[in-house]
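Hello,

Here is the structure we talked about handing over. Please look it over, then read the notes below.

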There are 2 protein chains.
Amino acid sequence: MIHSDFIHHNPKLHIFLPLYYTLWADSILTPTEIKEMEALIERQEWLGVEEKAWLLEKLNPTQPPKPKVLKAIRKEIQSLEIKELESLSSIGIALVRKYDPKLAFSQKTVLDFQNTERALGLLGKEAGYAFKSGHQTITTSHVAEQNFDINEMAKILDGKQAVLIRKVKTIIADPTFAYREFDSLKEQREQTLVWCQELAKQGFGAWAFPKFAGGKQDMEGYFTIMETLSYHDLSMVIKFGVQFGLWGMSIFFLGTDKHHQKYLKDVGSLKLPGCFAMTETGHGSNVRGLETTAIYNHSKKTFTIHTPNPDARKEYIGNAAMHGQMATVFAKLMIDGEDFGVNAFIVPLRDSQGNMEPGVSIEDCGRKMGLNGVDNGVIYFDQVEIPKENMLDRFSFVNEAGEFESPISSDNRRFFTMLGTLVGGRIGIPRSALSASKTGLTIAIRHGEKRRQFGPEGGEEVPILNYRMHQRRLMPPLASSYALHFALRYLTERFLNRTEEDAQEIEALAAGLKAYTTWFTTATLQECREACGGKGYLSENRIDALKNDTDVYTTFEGDNVVLMQLVAKNRLTEFKQEFGDINMFTIFNYVVSQAKTSITEKNPLIVRNTDQAHLLDMDFHLNAFKYRERAILASAAQRIKRHIDNGMDSFDAFNVVQHHLVNVGQAYIERIILEEFQKAVREAAGKGVQDALTQLCQLYALHTIEKNSGWYLEQGYMEGVKTKAIRKEVNQLCWEIRKNALALTDAFDIPESCIAAPIAKRN
Amino acid sequence: MIHSDFIHHNPKLHIFLPLYYTLWADSILTPTEIKEMEALIERQEWLGVEEKAWLLEKLNPTQPPKPKVLKAIRKEIQSLEIKELESLSSIGIALVRKYDPKLAFSQKTVLDFQNTERALGLLGKEAGYAFKSGHQTITTSHVAEQNFDINEMAKILDGKQAVLIRKVKTIIADPTFAYREFDSLKEQREQTLVWCQELAKQGFGAWAFPKFAGGKQDMEGYFTIMETLSYHDLSMVIKFGVQFGLWGMSIFFLGTDKHHQKYLKDVGSLKLPGCFAMTETGHGSNVRGLETTAIYNHSKKTFTIHTPNPDARKEYIGNAAMHGQMATVFAKLMIDGEDFGVNAFIVPLRDSQGNMEPGVSIEDCGRKMGLNGVDNGVIYFDQVEIPKENMLDRFSFVNEAGEFESPISSDNRRFFTMLGTLVGGRIGIPRSALSASKTGLTIAIRHGEKRRQFGPEGGEEVPILNYRMHQRRLMPPLASSYALHFALRYLTERFLNRTEEDAQEIEALAAGLKAYTTWFTTATLQECREACGGKGYLSENRIDALKNDTDVYTTFEGDNVVLMQLVAKNRLTEFKQEFGDINMFTIFNYVVSQAKTSITEKNPLIVRNTDQAHLLDMDFHLNAFKYRERAILASAAQRIKRHIDNGMDSFDAFNVVQHHLVNVGQAYIERIILEEFQKAVREAAGKGVQDALTQLCQLYALHTIEKNSGWYLEQGYMEGVKTKAIRKEVNQLCWEIRKNALALTDAFDIPESCIAAPIAKRN
């Protein structure tokens with residue numbers, strides 16, 4: 001089109017070149033573009049008639065330049081090696097000068113060209129990038145830094161358990177534990193068993209058991225082991241948990257010395273694989289309604305364990321399909337036709353050669369979404385007789401006269417007391433879940449650092465972790481994973497030091513943190529999968545297994561929605577203990593009046609305060625969390641009370657506010673998490689580490705407030721200007737934390753052999 | 001404790017029995033309870049000293065009653081067969097009368113007992129349920145209804161395509177297509193191929209192709225086939241899509257007659273399995289940066305296809321690992337050292353016996369999270385020579401003189417035009433995703449109807465679908481799945497009737513609906529998994545496959561976050577077409593001023609209006625959606641403009657607002673969805689069907705507004721009273737729609753053999 005002899009005849013025509021190129025670069029010349037260009041050409045008094053005609057001819061939208069011509073223009077302009085970009089006409093003038101350094105344009109002409117550019121909406125600098133290489137932007141140059149000592153941070157995370165953690169990591173990083181693909185379910189299950197046997201050899205299985213059983217009577221260590229193992233294959237972790245946690249602990253906590261002496265050693269060494277048979281086909285959440293029966297026969301001093309109907313089959317029982325030789329079976333004890341509620345019994349399933357015991361039949365649950373290394377099964381009992389001493393008799397027993405005895409009169413209360421001793425599962429599961437989240441985040445963040453995609457015109461491609469949305473995906477979960485680390489440590493400590501008085505509070509805390517953490521894990525691993533794109537979908541990159549294995553954690557040890565309601569109900573009744581024993585109505589009134597006084601917090605200056613210092617202030621965060629916790633609890637109490645006052649059945653009333661109750665539980669758990677995180681920040685030694693934790697803690701707080709901003713606005717606790725400012729601050733914190741992101745995942749110190757994903761490989 | 005001769009001596013003591021039972025039932029007697037009871041006993045002048053002493057003795061918290069005694073009391077009271085429940089003392093009095101009908105208590109005594117009950121916080125009616133069977137509540141009695149004609153609804157959903165849908169359903173319900181477990185990856189891939197061959201035999205593969213290729217040139221039918229097949233195995237659907245959609249359509253849309261004549265018939269019959277080789281290891285989203293080269297050799301009239309570095313490998317290519325014989329390869333065309341951008345070429349991979357062509361090497365991608373029936377592979381080209389006619393030359397070609405020719409001057413513009421013809425994938429994928437959601441919802445809702453868990457004290461267990469949280473989980477997705485059905489139908493129609501003018505708008509619409517629908521599917525199937533508890537985790541119940549197979553849909557055909565930004569950018573520039581060609585700055589100014597005028601909508605009466613009629617009003621819904629769409633677009637424009645005005649690089653400016661841009665895309669898509677749903681409601685014939693759709697449409701609208709309530713409050717478009725009222729209305733709509741839920745999934749009319757989940761089996 002342009003590079004004809006004609007233009008060489010008058011090199012000044014080159015001033016049009018950058019404009020022509022830019023307008024044609026999208027292959028479409030719009031009417032406005034044509035009009036503006038025509039007017040510009042007509043106004044140029046220094047152009048001859050033929051020159052004008054020639055220039056106008058090149059604006060015919062049906063005659064676009066050939067691809068080769070367009071390329072030639074670009075090459076010509078690029079040959080100038082432009083350093084500073086101003087406007088397209090300044091590039092044009094430079095081009096003219098290349099042909100004849102003496103040529104010049106009047107001030108008026110230059111302005112005219114610049115105005116036309118503006119009218120065409122061509123942002124001078126932007127349009128010019130097409131001709132320049134090495135376009136630098138803030139987004140391009142944002143890089144990983146490391147503003148703290150990784151070892152110091154790891155020390156804080158590991159705390160008192162550093163030695164044991166190191167030991168477990170060394171074991172799972174051994175080649176024996178190398179990941180492998182499995183050709184069949186059977187093979188995967190066998191490998192999982194072998195891994196668990198290796199762990200038992202190391203003494204990890206019996207860790208929580210008494211010394212005589214080969215253990216260290218160290219429950220805290222047991223949780224640490226579960227958590228650390230969870231950097232490795234999760235089928236292994238769950239089979240480990242079934243054997244030593246569920247089967248072993250049920251004997252330990254529900255049985256008495258005779259059972260401990262008889263079984264614990266073999267359980268801890270995995271010589272005696274067993275099951276925990278509670279869940280039935282018909283009863284998963286509502287275990288109080290279990291239907292399996294244990295009928296006492298006084299003449300023979302035996303119990304007969306029986307499955308009275310298909311809904312009473314024991315279902316999803318881990319270790320049952322292949323390896324379990326015995327099971328702790330939960331069944332309704334019947335004596336002389338009288339029902340004494342659910343009790344626990346040890347029932348043999350197979351002999352050590354794997355032959356089924358008479359009356360026991362087991363079906364394989366088959367493939368599952370994940371955890372396929374665990375052999376879940378369905379168990380039926382057909383009049384299986386067991387000796388009297390097989391009843392786990394810590395909380396109830398049948399006396400010599402054949403009568404039922406228990407220090408706890410009520411069947412329900414007794415059953416829930418038994419379940420309460422097993423609440424450790426609700427600590428082990430979230431700690432395992434958190435490890436899986438940390439692995440997922442490590443993989444996704446490493447990938448986000450290395451993977452480059454898109455970039456400014458003419459510039460390099462940008463690490464995808466520099467994109468704001470990518471940061472939004474991964475930085476808040478990174479902050480939450482730190483937050484939950486400290487919260488779960490707190491829960492563990494509370495659990496280990498629990499007394500009868502605070503047992504219920506701690507049960508609720510465990511239930512809530514289990515639900516919160518496992519939901520977090522599911523959501524986080526979903527983000528990690530998407531953040532790694534197609535590579536995240538390949539099994540070799542491990543997110544597949546992490547996600548599918550942990551997916552059932554939201555169901556394990558109690559469905560999360562059910563657990564959150566349990567938390568809420570506990571919150572509603574906890575006041576009972578705090579203030580003597582006021583009755584339910586008084587509590588409701590109290591809760592409501594408590595919340596009212598706090599409304600004075602809504603200071604008009606604070607609800608609109610958008611100062612950064614205020615927004616980042618930890619006291620502001622904690623107050624906002626506490627306000628929410630209190631107000632939402634009060635309004636739930638108020639609503640339930642109103643419904644009951646109006647004659648609604650309390651069961652219906654609780655159902656009507658069910659959605660609200662889940663929020664009550666959530667708000668409580670979030671306050672606990674923030675409180676513990678802030679405590680950890682204050683206690684952190686070393687400025688670098690403390691600063692890094694502070695940012696994470698601020699992000700956790702503000703991101704949570706942002707998530708609930710609708711509620712805060714509704715309450716008048718914040719105004720729109722403030723929630724907007726918080727959103728901006730969250731973006732900014734994500735941008736800042738992104739620098740430390742790699743280092744923050746390094747501080748998790750997950751063995752490289754456990755991470756294993758090729759996309760996360762260190763160079 | 002109580003049933004001694006003593007009480008038989010004075011039957012009036014029975015009045016205490018229900019109170020004693022209730023207080024002891026939780027096994028803990030609190031100080032308040034003891035105090036109140038002691039006072040009550042002391043006040044009873046009709047009691048003798050010994051009787052009082054005996055009663056007081058039974059309040060010793062360290063001497064709880066034996067379990068058997070507690071049971072005996074309960075049985076005694078139950079024997080009354082109480083019909084009406086008033087208070088515990090009225091039950092006590094009835095008990096007394098059983099022993100001696102002549103006995104009576106003074107008015108004062110009765111009141112005294114009642115006051116004590118109240119003081120103890122025992123809600124009379126509630127406490128009494130322990131003694132009654134058949135406790136009825138609203139929650140218990142809520143049941144499935146069907147307020148519309150299922151066939152009529154199915155007709156509306158199927159529309160013009162009913163005959164084809166029936167045909168496809170008949171085929172996939174054939175025993176040939178029965179689901180099976182696979183022992184290996186190889187076996188699964190072979191079965192998937194066999195299924196696709198069956199479908200090709202039925203003519204489904206060639207459906208969109210010209211008649212001479214065995215097709216019906218019916219693109220709409222092709223989408224219907226994809227959608228309907230998606231009730232079955234999704235590996236089959238994706239392999240089908242790779243073969244006929246990607247491989248076939250790339251020849252159809254990017255090639256010319258000579259290619260059509262040569263290949264399409266064999267592609268459509270699956271005689272010639274092929275691949276679509278675009279994505280490279282280094283370039284997934286930013287395909288403009290592909291690095292594979294196609295060097296033209298004029299002397300031999302050939303192209304040499306080559307992988308210049310490991311990042312330029314073609315990755316995740318479906319059909320590549322095992323079955324593909326040819327591929328459409330996207331590569332940078334080089335002529336005489338000049339780069340002419342990305343073009344498409346047909347390259348042979350294997351001969352029909354499966355032997356690799358010289359220079360081609362392929363690695364297997366191995367196991368993936370899902371879609372394991374599709375054989376994805378990595379392809380390397382080592383100087384592979386292909387004849388000149390293998391260039392797909394609809395948009396560009398090399399002329400006889402060896403020069404590049406194209407009607408589109410710009411390489412980028414040409415490439416995006418090519419991609420634009422392939423946008424059908426962004427319609428097929430969301431339609432497939434929606435089918436998977438419908439299957440998941442059908443399974444979860446059927447399970448929710450059948451599964452009973454918990455219930456009021458003494459009453460039956462309740463179907464879990466009667467719980468409000470369960471409804472919250474499943475009813476909004478049910479409403480959205482109807483909403484998306486109509487939106488995707490609209491998208492299909494727009495796509496089929498597109499012109500050059502609206503092509504970009506429709507590309508954005510497809511990108512946005514693809515992202516929105518696939519995110520919806522991922523979230524919905526997660527809810528379905530959790531809503532089915534442990535049963536949802538078993539592979540036999542199909543949610544495993546549905547979830548894992550569709551998980552990559554959020555990445556397929558463009559990462560959702562990238563696509564939503566594309567939508568937002570299109571929205572920002574679309575004004576260009578609406579108002580001539582104003583430049584970018586003018587557009588920004590226009591957009592901003594447009595939004596300002598709309599602020600007049602914030603009528604103080606409306607922002608606080610909580611009338612149900614108003615909240616359910618479709619005009620209110622659409623206005624709120626439109627307001628959000630406009631205002632959020634304007635503020636995005638404003639923010640970008642401000643950043644650029646302040647000297648920020650536009651690349652950085654767009655990055656800073658990236659999070660905002662995703663919301664721009666979302667708000668636009670949500671408005672379209674609502675608009676189309678409302679249209680479908682208006683057009684629905686038959687009151688039953690129309691009412692059912694109206695409720696779903698209201699739920700979709702209000703649930704979406706609820707989700708964005710923080711934003712509406714921030715804007716002052718609504719006040720807290722209104723957002724609270726909306727939340728309540730959402731709960732109520734969930735409760736109402738729950739009645740129709742089963743019928744609404746029946747209207748999807750998914751073949752039972754495709755649903756297949758045992759938990760969803762019809763009785």
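A polar contact is a pair of N or O atoms within 3.5 Å; within protein, one must be able to donate a hydrogen and the other to accept it, and residues adjacent in sequence count only if both atoms are side-chain atoms. Between chain A and chain B, 73 residue pairs are in polar contact, both at pLDDT 80 or more.

This is a predicted model: local features need pLDDT of at least 70, side-chain atom pairs count only at pLDDT 80 or more, and totals for chains, interfaces and linings use all residues. Residues are numbered from 1 along each chain as its sequence is written, chains are lettered from A and ligands numbered from 1 in the order written, and side-chain values use heavy atoms, without hydrogens and water.

The interface comes next. Chain A puts 127 residues into the contact and chain B puts in 127 residues (heavy atoms within 4.5 Å). The two chains bury about 10100 Å² between them, 50% of it on carbon and sulfur atoms (accessible area, 1.4 Å probe, lost on being put together, summed over both). Tyr537(A), Phe651(A) and Glu714(A) supply 8% of the area that chain A buries against chain B, more than any other three residues.

The rule finds 14 salt bridges across this interface (a side-chain nitrogen of Lys or Arg within 4 Å of a carboxyl oxygen of Asp or Glu). Glu405(A) forms a salt bridge with Lys66(B), with the closest N and O atoms 3.2 Å apart.

Best wishes
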